[in-house]
Amino acid sequence: MKYAKFLLVGIFFGVVLTKSEAVSWYRIFEMFQFQSFHMYGILGSAVVIGALAIKMIKGLQIKDISGSPISITPKAKSITRYLLGGTIFGLGWALTGACPGPLYILIGNGLWIVTVVLLSAIIGTFVYGLVKNKLPH
Amino acid sequence: MDWLIQPWPWYVAGPLIALIMITLLWFGKSFGVSSTMRSLCTIGGAGNVAEFFKFDWKAQRWNLIFIAGAFIGGFLVNQFFPDPNPVAVSEATVQELNNLGIAHEPGLIPTSLFNWSNLLTVPGFIVMIVGGFLVGFGARYAGGCTSGHAISGLSNLQTPSLLAVVGFFIGGLFTTHVILPWLFK
């Protein structure tokens, strides 16, 4: 039962991203054309509220359900990997119209063809693991 | 029940996504979907060929349950309250789609592009196979995707995540304004 809560939050995530059309190829295309505020509104409001919440969590030293302080592990310092990796990700994101979360959600929506995109993304993850040490980080 | 059928506006969805991230923090976890693909590689035995996949995926089991939930969430919407209309993108975007010859039909994705018989055409292969590969490769190289960097990372005011998001836009703008017109015009 300790995993049931993650299943419920996941279901909620799938519903929210489908109903807000954030999983839609059309919405991602529109976002990169700067022709609507919709996706910027979603990401922007999530970040503003998220930032306020994290500030509050840190300020009030709020604890998680197991009683340990909530801490967010900072990402390692680098420029190359984030900028280069991010650019590669972005090239793919605008092609598929879906980042990893939406891939799972679209398949749930009965769009079985997206399993091909997900499998290819898993292969991409695998190949990264193979060549990781040869890449600048 | 009309609100279940209608698409939800950004000012409903954005705060709810923040709520999901905060709930996961409260559960002692951090929101980030792309790492589930690393776990799936490890489960498939990738640890035998690359050091990167030798990690305790069981500590990440909660995330696999989370994405199973995401799949179910998509399924529930599609079964019980799908939006029958085409995604209401702006007039200008509809015009761009026409210019590229991509049909704006009901449903979340253009199925005239995403379909099995299109897989082995040049545009279909690049969009689905190459696109998917770049998403998986790039997310791991950058150490996160939209959920991990754009939502969690920016909320935590992390410079690495800002760099990653700048990268997401460099890549996305290049694809949308250079690659897609080249593929479809």
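A polar contact is a pair of N or O atoms within 3.5 Å; within protein, one must be able to donate a hydrogen and the other to accept it, and residues adjacent in sequence count only if both atoms are side-chain atoms. Between chain B and chain A, 30 residue pairs are in polar contact, both at pLDDT 80 or more. The model is predicted, so local features need pLDDT of at least 70 and side-chain atom pairs count only at pLDDT 80 or more, while totals for chains, interfaces and linings use all residues. Residues are numbered from 1 along each chain as its sequence is written, and side-chain values use heavy atoms, with hydrogens and water left out.

The table gives the interface values.

| Item | Value |
|---|---|
| Residues in contact (heavy atoms within 4.5 Å) | 126 residues of chain B, 107 residues of chain A |
| Buried area (accessible area, 1.4 Å probe, that two parts lose on being put together, summed over both) | about 10,200 Å² between chain B and chain A, 79% of it on carbon and sulfur atoms |
| Salt bridges (side-chain nitrogen of Lys or Arg within 4 Å of a carboxyl oxygen of Asp or Glu) | zero between chain B and chain A |

In chain B, the most area is lost to chain A by B:Trp10, B:Leu108 and B:Tyr141, together 9% of what that side buries.

Within chain A, the axes (lines fitted to C-alpha atoms over the stretch in contact, with angles from 0 to 180 degrees between N-to-C directions) of helix 1 (residues 4–19) and helix 5 (residues 100–108) come within 10 Å and cross at roughly 90 degrees. Helices here are DSSP runs of H or I, at least four residues, numbered from the N terminus. Helix 1 of chain A and helix 5 of chain A are therefore roughly perpendicular, a term for angles of 65 to 115 degrees. A:Phe13, A:Gly14, A:Leu17 and A:Thr18 of helix 1 meet A:Gly101, A:Pro102 and A:Ile105 of helix 5 in this contact.

Note on methods
Chains are lettered from A and ligands numbered from 1 in the order in which they are written. Helices (H or I, at least four residues) and strands (E, at least two) are DSSP runs, numbered from the N terminus. Angles under 35 degrees count as roughly parallel, over 145 as roughly antiparallel, 65 to 115 as roughly perpendicular and the rest as oblique.
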